[in-house]
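Hello,

Here is the structure I promised to pass on to you. Have a look at it first, and then read on for what turned up in it.

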Amino acid sequence: MCDKFGSGHLQPETTTISISIPPETMAPPEPHDVYLPPKKTSFQKLKHKLLEVFFADDPLHKFKNQTRVTKFKLALQFVLPIFEWAPNYNVALLWSDVVSGLTIASLAIPQGISYAKLANLPPVIGLYSSFVPPLIYAVLGSSKHLAVGPVSIASLVMGTMLNDAVSYSLHPVLYLRLAFTATFFAGLFQASLGLLRLGFIIDFLSKATLVGFMAGAAVIVSLQQLKGLLGIVNFTSKMQIIPVLSSVVAQRDEWSWHTIVMGFSFLACLLATRQIGMRKPKLFWVSAAAPLASVILSTVVVALFESNLTTIATIGQLDKGVNPPSSNMLYFHGEFLAVAVKTGVVTGLLSLTEGIAVGRTFAALKNYQVDGNKEMIAIGLMNMVGSCSSCYVTTGSFSRSAVNENAGGQTAMSNIIMSLTVLVTLLFLMPLFKYTPDLILAAIIVTAVIGLIDYQSAFRLWKVDKLDFVACLSSFLGVLFVSVPVGLAIAVGISVFKILLHVTRPNTSVLGNIPGTQIYQDLDRFREAQRVPSFVILGIQAPIYFANSTYLYERILRWLREEEDWIAANAGSTLKCVVIDMTGMLSLTEISFLNGLLQLVYVILSVCHIYNGSNSFKSCP
């Protein structure tokens, strides 16, 4: 490689040189001695194992060899990440964050109202949830680009699970109390996972099952919005596809052509602006500003032509003012406490999964690190405080975070700017929403959730892993035809089943030699690999546990039978030796499972054969 200097930059020129080494000149492998690891006491082994499981990232490594003052500063930054970026904050960063904060506020205000409606809550609750939680996250969160607020999936799940137990229309106060209580337990669950370093639990929701679950939820949510887009008054509260479609057809006498024309016109405009933002990232502001512009325009139209548009339902009068305290409304005893706890855990898990995934995505794009456990604590405390200030479950939103990043957001200050913008709305602009039609909220929800239908990922799953595709399809159909909680349970169940399947049924293969090398690879995957005469080399691609030892015993015997059949069919050399390759797959720590080790010895002894003068073998006694 040679370097040239031009225009003040270092420009590398690369030249590829191929060197061929004849096989006969390759040095034979040298034997190396293998020793047992250093002896440790039982306490030392337990301590090492716990550190590896719960503190793999060694979060306290920065505190080593530091003075007391430095340790205090690091501890303050560790607990309150705002002190990491606030001391170096400047006007240039502030300008970027102001622009991005105002931009995401224009998206958060209409989405907050819409998602509260999706959760069967008063619209103002959505604005409350876009004011307090962003302030809490700006102090405790470690992501620079995560924009927090209500999200569609958590709103849908909360609305569905609570409404199955308590009707929001018949018992609005009790429903609201359960919503705040579920939010409290969601935050408690999230913060507990972070404090106990149990963040790996969210990894049990695999990408395949989440793709199916979110797609099914998006379809159900979109169909539910036909109530607002068609002007239906008496609509089903069920969340299955058949009752929803049946209700649409049964209530066709209530359809309003004013609502249909206006609703689907705005929906078409919102979908068009969404496509513009996706295809031309520089025009992200078009899709970001479209929801608020649609709310303003539809409100003006309804207000001007109120006498002619009596069939169009509107939000109605909203009270001005900041979040009222709601700690006295928390429901900690009574027959519906179990419903609140269950709803909180489910919505907490879903919102945590989405928030962590979004935060890690943008951290990877911008080359910085997000501490998953600290994020769980931040999101959990955010929801716990929110439950005491008239907020419901919030987390990081992918759509708002993407707008935040595209608008040039640099720090969590953008969340504070967004929160202050919502505060101004709560204090001075609430009367303007009196004539905002329900149809525009339905159009905004459909536009937001339609992006959750990731058919391209489903297609890739079909091509790459059929089992993953089955998991995706199962969770999708479970949401559509049974219920959202059942669909989520199917998703989790299939994810756990797949993990157990990989543990108990590890991959095995017959290996062959790559000519001219000392490398052995799978015969089915490498066409140039060749069998070694009189040998069968079996590769086990996983550690041996007591849970998979019986399977490996049976599978190895099957490989030997198939190898004998291949030799008979192809007039190959007589099978004399079996080699089991466990290179790098069987650690000494795993052999401590005595049952697994004994089973391995039994497997090896069982597959030994004694040649008896023909091409058949007898098992060793």
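**What was found**

Let me start with a loop: Asn 65 sits between helix H1 (42-54) and helix H2 (68-79). Please keep in mind throughout that this is a predicted model. Asn 65 is not a glycine, yet its phi is positive, at about 60°. With a relative accessibility of 83%, Asn 65 counts as exposed.

Ser 390 belongs to the loop between helix H15 (372-387) and strand S4 (395-396). Is Ser 390 buried or exposed? Its relative accessibility is 5%, so Ser 390 counts as buried.

Now for the protein as a whole. Its secondary structure comes to 24 helices and ten strands. Of its 621 residues, 45% count as buried. Among contacts with a separation of 6 or more, 77% are between residues 24 or more positions apart.

Going back to Phe 213, and leaving out residues up to four places away in sequence, you will find it touching Ile 153, Val 157, Leu 350, Ser 475, Phe 476, Val 479, Val 484, Gly 487 and Leu 488.

Helix H8 also holds Phe 184, which counts as buried at 17% relative accessibility. Not counting residues up to four places away in sequence, Phe 184 touches Leu 330, Phe 332, Met 384 and Ser 387. Phe 184 and Leu 330 are 146 residues apart along the chain, while their C-alpha atoms are separated by 8.1 Å.

You will find it in helix H16 (residues 398-406), where Ser 401 is buried with a relative accessible area of 0%. Beyond residues up to four places away in sequence, Ser 401 touches His 145, Leu 146, Ala 147, Val 358 and Phe 362.

Then there is helix H6 (residues 132-140), in which Val 132, Pro 133, Pro 134, Tyr 137, Ala 138 and Leu 140 are buried. What covers these buried residues of H6? The cover includes H2, helix H3 (82-85), helix H5 (123-128), strand S3 (148-149), H15 and helix H17 (413-429).

The crossing of H12 past H13 is right-handed. On the H12 side, the residues that meet H13 are Met 262, Phe 266, Leu 270, Thr 273, Arg 274 and Gly 277. Their counterparts in H13 are Val 286, Ser 287, Ala 290, Pro 291, Ser 294, Leu 297, Ser 298, Val 301 and Val 302. By type, the residues of this contact are nine nonpolar, five polar and one charged.

Technical notes
Residues numbered from 1 in each chain as written. Predicted model: local features only at pLDDT ≥ 70, side-chain atom pairs only at ≥ 80, totals over all residues. Heavy atoms only, no water. Left-handed = near helix turned anticlockwise from the far one by under 90°. Helix = DSSP H or I, 4+ residues; strand = E, 2+ residues; numbered from the N terminus. Contact = heavy atoms within 4.5 Å. Nonpolar A, V, L, I, M, F, W, Y, C, P; charged D, E, K, R; others polar. Buried < 20%, exposed > 50% of the residue type's maximum accessible area, 1.4 Å probe, protein only.
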